[in-house]
Structure formats: C-alpha cells, structure tokens
Amino acid sequence: NTLARAQTKMGIPTKLHVLNPKAQSVAELYGVMDPDTRDWTDGLLSNIFRELNKPLQPDKPEARYIIFDGDVDAIWVENMNSVMDDNKLLTLPNSERIRVADH
C-alpha cells in the first residue's frame, strides 16, 4: 500500500488487486468448466488478469499490481509457476492462456 500511495503522489495512479488465494478453492480462483455444457466460467484470478491486461491509454500512465495476501500453498503456487517465469503466461484449466501484458 505504501508503494501505491507513493506512486500516486508522483502522478502515477496505482491499482492494487489484493486477494487471499487460500480463501477460495482452486476452481473459484482460476475458473471452472461445466462438464455438461463445456461452458467456461472465469475465476477471481482469471478475471483480474483479464482486467489488468486491458490496454492503457497512451497519455495516462498507470501501475497495476496483484498482491497475494495469505499463506503460501503448494497447489496455487504450482498453478502460478507459469506466470512467475519468463513466459508470463497464466494457463487456465480450459487450456486458455492469458499473457501478462508489459505495462
């Protein structure tokens, strides 16, 4: 929160998305596919990724951060591993990949 306030004071609006990954199931966090209809429903994190990947206005700088506030859990860390490496990809259970945009 200190970084966000400092950047905002410096003229760079900052958006924080704070979530506790242990407060949701893996399906609620990443999303789930209905086995009967094959319809995909985004989870909390996939929604946040989509929101953060929307293009910025060229004349308005903005900083965007996802803050994982909670205990480290082997299951969600394993799923996040692809995002934390150089590929910057979130691979969802429906095989969709969301690339983290460079802003």
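Colleague: Where does valine 77 sit, and what makes that stretch a helix?

Modeller: Valine 77 is in helix H4, residues 74-84. Helices here are DSSP runs of type H or I with at least four residues, while strands are E runs of at least two, and both are numbered from the N terminus. Keep in mind that this is a predicted model, where local features need pLDDT of at least 70, side-chain atom pairs need pLDDT 80 or more, and totals for chains, interfaces and linings take in all residues. Residues are counted from 1 along each chain as its sequence is written, and side-chain values use heavy atoms, leaving out hydrogens and water.

Colleague: Why is valine 77 called partly exposed?

Modeller: Its relative accessible area is 29%. Buried means under 20%, exposed means over 50%, and partly exposed is in between (1.4 Å probe, protein chains only). The value 29% falls in between, so valine 77 is partly exposed.

Colleague: How far is valine 77 from proline 21, in sequence and in space?

Modeller: They're 56 residues apart in sequence, and their C-alpha atoms are 9.6 Å apart.

Colleague: Is glutamine 7 buried or exposed, and how do you know?

Modeller: Glutamine 7 belongs to helix H1, residues 2-9. Its relative accessibility is 14%, so glutamine 7 counts as buried.

Colleague: What does glutamine 7 touch?

Modeller: Leaving aside residues up to four places away in sequence, glutamine 7 touches Ile12, Thr14, Ala63 and Tyr65. A contact means heavy atoms within 4.5 Å.

Colleague: And what about isoleucine 67, where is it and how is it classed?

Modeller: Isoleucine 67 is in strand E4, residues 63-68. With 30% relative accessibility, isoleucine 67 counts as partly exposed.

Colleague: What makes aspartate 42 and arginine 50 a salt bridge?

Modeller: The rule asks for a side-chain nitrogen of Lys or Arg within 4 Å of a carboxyl oxygen of Asp or Glu. For aspartate 42 and arginine 50, the N to O distance is 2.6 Å, so the pair passes. As for cover, aspartate 42 is partly exposed at 23%, and arginine 50 is partly exposed at 29%.

Colleague: Which other residue forms a salt bridge with arginine 50?

Modeller: Glutamate 96 does, with the closest N and O atoms 2.8 Å apart. Glutamate 96 lies in the loop between strand E5 (89-91) and strand E6 (97-99), while arginine 50 is in helix H3 (44-52), so this pair ties together parts 46 residues apart in sequence. Glutamate 96 is partly exposed too, at 28%.

Colleague: How many salt bridges turn up in the whole structure?

Modeller: The search finds 5. One of them joins glutamate 62 and arginine 64 at 2.6 Å, N to O. Lys15, Glu62 and Arg64 are linked in a network of salt bridges.

Colleague: How many charged side chains are there, and what makes one positive or negative?

Modeller: There are 12 positive and 16 negative ones, and the centres of the two sets lie 8 Å apart. Lys and Arg count as positive, Asp and Glu as negative, while His and the chain ends aren't counted. Each charge is placed at NZ of Lys, CZ of Arg, CG of Asp or CD of Glu.

Colleague: What does the chain look like overall?

Modeller: It has 4 helices and 6 strands, in the order α-β-α-β-β-α-β-α-β-β. Of its 103 residues, 23% count as buried.
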